[in-house]
Amino acid sequence: MNDTHEATPPPVWSALRRSGLHCAVAQLAHPLDAYARLQALRQFLCPVDMWRFVEFSAVLGAYAGEPTVLDLGSPRLLARHLAREHNARVLACDIAPAIADEMRVYRRGIGRKHLVGLRADGIHLPFASGSIPFAYSVSVIEHIAGEGDREALSELQRVLKPEGRLVVTVPCAPTHEEIWLESDIFGAQARREDGKVFFCRLYDWETARERLMAVSGLRVTGVEAWQVRDADSFQEYQRLTANPRSLASIRAKWNDFRHAHSLLERCTPFEDPIAARGVMAITFQSES
């Protein structure tokens, strides 16, 4: 495996941390309801969790200053970061009914025209074909049951301009697995006959190649992946963060940008085996 344990985290991680702090300050400058207070506290203590630092970095590494950006269901801070730091107009789509309220919180200090929240299904986007120059979706399509991941990618391809670019991140694991839960934490998930509810899909290399990289009209231009460096250290991190209200958890989450650097390592796609849980980022370009 490629060891990328450098002396300091990449600068983009610090920029994301600053964006989280700016978001918290912007929220605190307004009268806050209970939801906004919770979001401000979260942005102050942990603007981006460990996995999101590497996923967001993959998106920002592919972004080339496009004026209009489509965000499909991603954690909201990335949309705010692109709008505030890069002056992009970000169209943030999510199936969740709360998306409009969330965007009202996240665009404080930015303005309505730069950050737009839209309720939309990822397989039926409300945009004209060939209208979006850059799109991304961070840890979203793995939560769509059945053929939903392929269908979402096909829909994203439809709305991309010719030669437009797309970055998608998903969780990866040594073997392909579907996770079904006892309860529906998203409120609209597929349910099996035994009552269990679909939660997400974990991708190994072959499943990612078959389900994600073979969508018609999209050409893969890059693949990145990161996985847990040391199982024992990661288990200790999970133990510390198990109770989100504990002092140990707050202290650990405050340093998540450092944990992303120390606990995760990069894999060489299709060469290194995926030996532990991780995430992969796939960059596509729409064919002409």
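Predicted model: local features only at pLDDT ≥ 70, side-chain atom pairs only at ≥ 80, totals over all residues.
Residues are numbered from 1 along each chain as its sequence is written, and side-chain values use heavy atoms, with hydrogens and water left out. Local features need pLDDT of at least 70 and side-chain atom pairs count only at pLDDT 80 or more, whereas totals for chains, interfaces and linings use all residues.

Helix H1 spans residues 11–28 and helix H4 residues 76–86. Helices (H or I, at least four residues) and strands (E, at least two) are DSSP runs, numbered from the N terminus. The axes of H1 and H4 come within 10 Å and cross at roughly 90°. Axes are lines fitted to C-alpha atoms, for helices over the stretch in contact, and angles run from 0 to 180 degrees between N-to-C directions. H1 and H4 are therefore roughly perpendicular (65 to 115 degrees; under 35 is roughly parallel, over 145 roughly antiparallel, and the rest oblique). On the H1 side, the contact (heavy atoms within 4.5 Å) involves Ala15, Leu16, Ser19, Gly20, His22, Cys23 and Ala26. H4 contributes Leu77, Arg80, His81, Arg84 and Glu85. By class, five residues of this contact are nonpolar, four polar and three charged. Ala, Val, Leu, Ile, Met, Phe, Trp, Tyr, Cys and Pro count as nonpolar, Asp, Glu, Lys and Arg as charged, and the others, Gly among them, as polar.

H4 is largely enclosed by the rest of the structure, because eight of its 11 residues are buried (under 20% relative accessible area; exposed is over 50%, partly exposed in between; 1.4 Å probe, protein chains only). The buried residues of H4 are Arg76, Leu77, Leu78, Ala79, Arg80, His81, Leu82 and Ala83.

Val12, Trp13 and Leu16 of H1 meet Phe53, Val54, Phe56, Ser57 and Leu60 of H3. Seven residues of the contact of H1 with H3 are nonpolar, one is polar and none is charged.

Six aromatic pairs occur in the structure. Rings of Phe, Tyr and Trp (its six-membered ring) pair if their centres lie within 6.5 Å; planes under 30 degrees apart count as stacked, over 60 as edge-to-face and the rest as tilted. Tryptophan 180 and phenylalanine 198 form an edge-to-face pair, with ring centres 5.3 Å apart and planes at 75°. Tryptophan 180 lies in strand S6 (residues 177–181) and phenylalanine 198 in strand S7 (residues 197–202), so the pair ties together parts that are 18 residues apart in sequence. Tryptophan 180 is partly exposed, at 21% relative accessible area. Phenylalanine 198 is buried, at 2%. The rings of phenylalanine 234 and tyrosine 237 are stacked, with centres 6.1 Å apart and planes at 20°. Both residues lie in helix H8 (residues 231–240), three residues apart, about one turn of the helix. Phenylalanine 234 is buried at 13% relative accessibility, and tyrosine 237 at 9%. Ring pairs link Trp51, Phe234 and Tyr237 into a cluster.

Tyr237 also touches histidine 259. Histidine 259 lies in helix H10 (residues 256–263) and is buried, with a relative accessible area of 19%.

Arginine 192 lies over the face of tryptophan 180, at 4.7 Å from the ring centre (NZ of Lys or CZ of Arg within 6 Å of the ring centre and within 35 degrees of the ring normal). Arginine 209 lies over the face of phenylalanine 270, at 4.2 Å from the ring centre.

Definitions and conventions
Lists of a residue's contacts leave out its neighbours within four places in sequence.
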